[in-house]
Amino acid sequence: MDSAWNRLQYLETEPTSRKFLSQCYTNREWEHPDRLAFQQSTRYLYLWRQARLFYQTAESVDLSIQPLLLFYGCTHLLKGMLITRDPAYPQNSRMLQHGVASRKVKRQAYVLMEDEIRPQKEGFFSHLSQTFRLTPLRDRYSVQDLFASLAEMSEICAALSEIQPHWTRLQLSSPVHEGAASSRREADEYRVTFPVKTEGSLAYSNDTLKQYIQRLAPSTISLNTIGWEAWSNRQMFLSQFALSQLEQHPLFYLHDRTLFFWNGSAESLPLPQWASHFLLLYQLGMLCRYETEWWGELTMSHDMAERYLVERFLAHHMATFPSLIMKQMELYNQVKFPV
């Protein structure tokens, strides 16, 4: 189990869930934050408790039914994140629909990586997208593109599909204190080194790459905190604060002190990791429920290479997703969970 559950259990009592929601609503400047938190707190604590039980149970069940439990656990976590920004959720029954769809009838020679998931105009995912400003969404997302959009899965997906990985690991280290430029550096700063590639944006010149990073930075973050003076060597310096800011940039992803850079197309920037996880679990859950013969072949035989990808994804999801949601809630709401 992801160790984040130890901290997320803070939300499983009425007083603590109410206090947490009140902080979120106060920081968002909602009127009557205590009253809104009181109205949601009991429902909120059961939402988190049930999410944890879905994940605990999923760890011990067979692969053949694991995606179903994880999909509903994932949905509960995302609902918990959503309620911190929308105290009135759900405003109507349409918001209880999944908000995504896939082909109802699969082709005879079905290939998982070629299937597609389509966001809908209404429903849970649509409301999430609007609340967290994911729009404009694409009309459809292929399963292969979604797997490739996850930094930790990118190399595995590339190996199975013989495409270039879209994410590149950057060298992240504490700066060496040498010379006048580095003498003023603080001990908690990091040095990031960008490699040169023959494809993607990492093939750009130094100046073009810097402009590309700055152009795609969302308005919610400031790149003024980044030290660009070493950029002629494709290096930049980041304080701890700047590193956390960079996590909100669509070209970067940080996990366990590993910083990834999106070297795929600027026209197909990845969704936030939590959104890709949700769409993939929706698809796997639908296959598990309605395509039992194909799903049985995948999970009970060793004839499909996709089985390795699915198993690695589900294990990765259980190990990282609760931490991801906790971090997102802290970022979005300017709050901190007790350590």
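Leaving aside its neighbours within four places in sequence, which residues is Ser276 in contact with?

1. Setting of Ser276. In this predicted model, Ser276 is in contact with Leu146, Ser149, Leu150 and Leu271 once its neighbours within four places in sequence are left aside. The residue belongs to helix α11, which spans residues 273-290, and Ser276 is buried there, its relative accessible area being 0%.

2. Confidence. The pLDDT averages 89 over the protein, and 95% of the residues score at least 70. Helix α4 (residues 66-83) has the highest confidence, at a mean of 97, whereas helix α8 (residues 179-183) has the lowest, at 45. Residues 178-185 have a pLDDT below 50, and this stretch has 8 contacts in the model beyond near neighbours in sequence.

3. Nonpolar cores. The largest nonpolar core holds 75 residues, of which Leu78, Trp274 and Met329 touch the most other members. The element that gives the most to this core is α11, with 11 residues. Not counting residues up to four places away in sequence, Leu78 touches Phe124, Leu128, Trp274, Phe278, Phe321 and Ile325. Another core, of 31 residues, lies apart from the largest one, and Tyr190, Leu216, Ile226 and Trp262 are among its members.

4. The sheet. An open sheet is formed by 5 strands in the order β6-β5-β4-β8-β7, with antiparallel pairing. Strands β6 and β7 (252-255) stand at the edges, and because each has a single partner strand, one side of each is left without a neighbour in the sheet. From one strand to the next, the twist averages 30°. At the β7 end, β7 pairs with strand β8 (residues 258-262) in the antiparallel sense over 4 bridges, and His255 stands opposite Thr258 in β8.

5. Strand β5 and its partners. Strand β5 (residues 190-193) is covered on both faces, with Tyr190 and Val192 buried on one side and Arg191 and Thr193 buried on the other. On one flank, β5 pairs with strand β4 (residues 167-173) in the antiparallel sense over 3 bridges, and Leu172 stands opposite Val192 in this pairing. Strand β5 is also joined to strand β6 (residues 235-238) by 4 bridges, the two running antiparallel, and here Arg191 has Phe237 of β6 as its bridge partner.

6. Helix α7. Ser154, Ile156, Cys157 and Ala158 are buried in helix α7, which covers residues 154-161. The buried residues of this helix pack against α6 (143-148), against strand β4 and against α13 (306-333). Following α7 comes Glu162, whose phi is positive, near 60°.

7. The α12 and α13 packing. Helix α12 (residues 292-300) packs with α13 at an angle of about 85°, the two axes being 8 Å apart. With that angle, α12 is roughly perpendicular to α13. On the α12 side the contact is made by Trp295, Leu298, Thr299 and Met300, and on the α13 side by Glu306, Arg307 and Val310.

8. The loop between α4 and β1. Gly99 is placed in the loop between α4 and β1 (100-102), and Gly99 counts as buried because its relative accessibility is 7%. Not counting residues up to four places away in sequence, Gly99 touches Arg118, Pro119, Gln120, Glu122, Gly123, Phe124 and Phe125; of these, Phe124 is also touched by Leu78. The C-alpha atoms of Gly99 and Leu134 are separated by 14 Å, with the two residues 35 apart along the chain. Pro90 is found in the loop between α4 and β1 as well, and the peptide bond that leads from Tyr89 to Pro90 is cis, with omega near -5°.

9. Backbone points to check. Glu29 has a positive phi of about 60° although it is not a glycine. Glu29 is found in the loop between α2 (14-27) and α3 (33-60), and is exposed, with a relative accessible area of 72%. Gln334, likewise not a glycine, has a positive phi of about 60°. Gln334 lies in the segment after α13 and counts as exposed at 64% relative accessibility.

Terms used:
Residues numbered from 1 in each chain as written. Predicted model: local features only at pLDDT ≥ 70, side-chain atom pairs only at ≥ 80, totals over all residues. Heavy atoms only, no water. Buried < 20%, exposed > 50% of the residue type's maximum accessible area, 1.4 Å probe, protein only. Pairing = 2+ DSSP bridges. Contact = heavy atoms within 4.5 Å. pLDDT = per-residue confidence, 0-100. Core = buried A, V, L, I, M, F, W, Y, C linked by side-chain atoms within 4.5 Å. Axes fitted to C-alpha atoms, helices over the stretch in contact; angles between N-to-C directions. Parallel < 35°, antiparallel > 145°, perpendicular 65-115°, else oblique.
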